Amino acid sequence: MTVIEFNHKLQYLIPALEPFAIKLTKDSANAKDLIQETMLKAFSNKDKFMAGTNMKAWVFTIMRNTFLTNYQKSARQKTFIDTSDNLHFINSTNVKHENSAYSKFAMDDINEAIENLDDTYSEPFMMYFRGFKYHEISDRLSIPIGTVKNRIFLARKELKQVLSIYADKY
């Protein structure tokens, strides 16, 4: 594969990389930096790419490994070693103390809103919340999977409306 072909295929992959980068970094600016660093690494290691293999998977692997390396590096930078006799590792992130009364009120409101849901909606919603898959809920409640999805959607919609006062808080 020539350098021009390689560069063209690499540029073609950028739109596919963007959602994955945003998913990893949770920030569009950091995602753009990650894409740029991935492209640089892929281009500088083009000799390691074997023609006939899946280039998209190769570049996605580079991106994932780059993200993990950067994450581990930042975690190490936030850790200090205490040189006293006990040699403790101290994480430097700031300790945050909060008044739990506000969150207790919020949880009470959430629980009340769920209790006020009609049973046809609350039962599939709570099963989904507890980790059941759609098909498991469908089997246990003996209803079609489309109905399960619809009831969960409607329950979420109603809860969102009832709990809208918390939308700006969290």
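**Note on the predicted chain**

1. Buried residues make up 22% of the 170 residues in the chain. Buried here means under 20% relative accessible area, exposed means over 50%, and partly exposed lies in between (1.4 Å probe, protein chains only). This is a predicted model: local features need pLDDT of at least 70, side-chain atom pairs count only at pLDDT 80 or more, and totals for chains, interfaces and linings use all residues. Residues are numbered from 1 along each chain as its sequence is written, and side-chain values use heavy atoms, with hydrogens and water left out.

2. Overall make-up. The chain has eight helices and two strands. Their order from the N terminus is α-α-α-α-β-β-α-α-α-α. Both kinds of element are DSSP runs, numbered from the N terminus: helices are H or I with at least four residues, strands are E with at least two.

3. Surface and contacts. Accessible areas come from the Shrake-Rupley method with a 1.4 Å probe; for residues, only the protein chains shown count as cover. Take the contacts between residues at least 6 apart in sequence: 55% of them join residues at least 24 apart. A contact means heavy atoms within 4.5 Å.

4. Thr38. This residue is in helix H3. Thr38 counts as buried because its relative accessible area is 0%. What does Thr38 contact, beyond neighbours within four places in sequence? The partners are Val59, Ile62 and Met63.

5. Thr66. Helix H4, residues 55-77, holds this threonine. Its relative accessible area is 1%, so Thr66 is buried. Leaving out residues up to four places away in sequence, Thr66 touches Leu34, Glu37 and Lys41.

6. Lys26. Check the backbone here. Phi of Lys26 is near 65°, a positive value in a residue other than glycine. Lys26 sits in the loop between helix H2 (14-25) and helix H3 (28-44). Is Lys26 buried or exposed? Lys26 counts as exposed because its relative accessibility is 69%.

7. Ser142. Here too phi is positive, at about 55°, although Ser142 is not a glycine. The loop that holds Ser142 runs between helix H7 (134-141) and helix H8 (145-162). With a relative accessible area of 65%, Ser142 is exposed.

8. Arg151. This arginine lies in helix H8. Relative accessibility is 23%, so Arg151 counts as partly exposed. Arg151 and Pro124 are 27 residues apart along the chain, yet their C-alpha atoms are separated by 6.9 Å. Pro124 is also among the residues that Arg151 touches, as are Thr120, Tyr121 and Ile143; residues up to four places away in sequence are not counted.

9. Acidic patch. Which residues gather in a patch of negative charge on the surface? They are Asp118, Asp119, Glu123 and Glu158. Patches are made of residues with over 30% relative accessible area and no salt bridge; like charges are joined within 9 Å, and nonpolar side chains (Val, Leu, Ile, Met, Phe, Trp, Tyr) within 5 Å. A salt bridge is a side-chain nitrogen of Lys or Arg within 4 Å of a carboxyl oxygen of Asp or Glu. Asp and Glu count as negative, Lys and Arg as positive; His and the chain ends are not counted. Each charge is placed at NZ of Lys, CZ of Arg, CG of Asp or CD of Glu.

10. Glu158. Glu158 is partly exposed because its relative accessible area is 34%.
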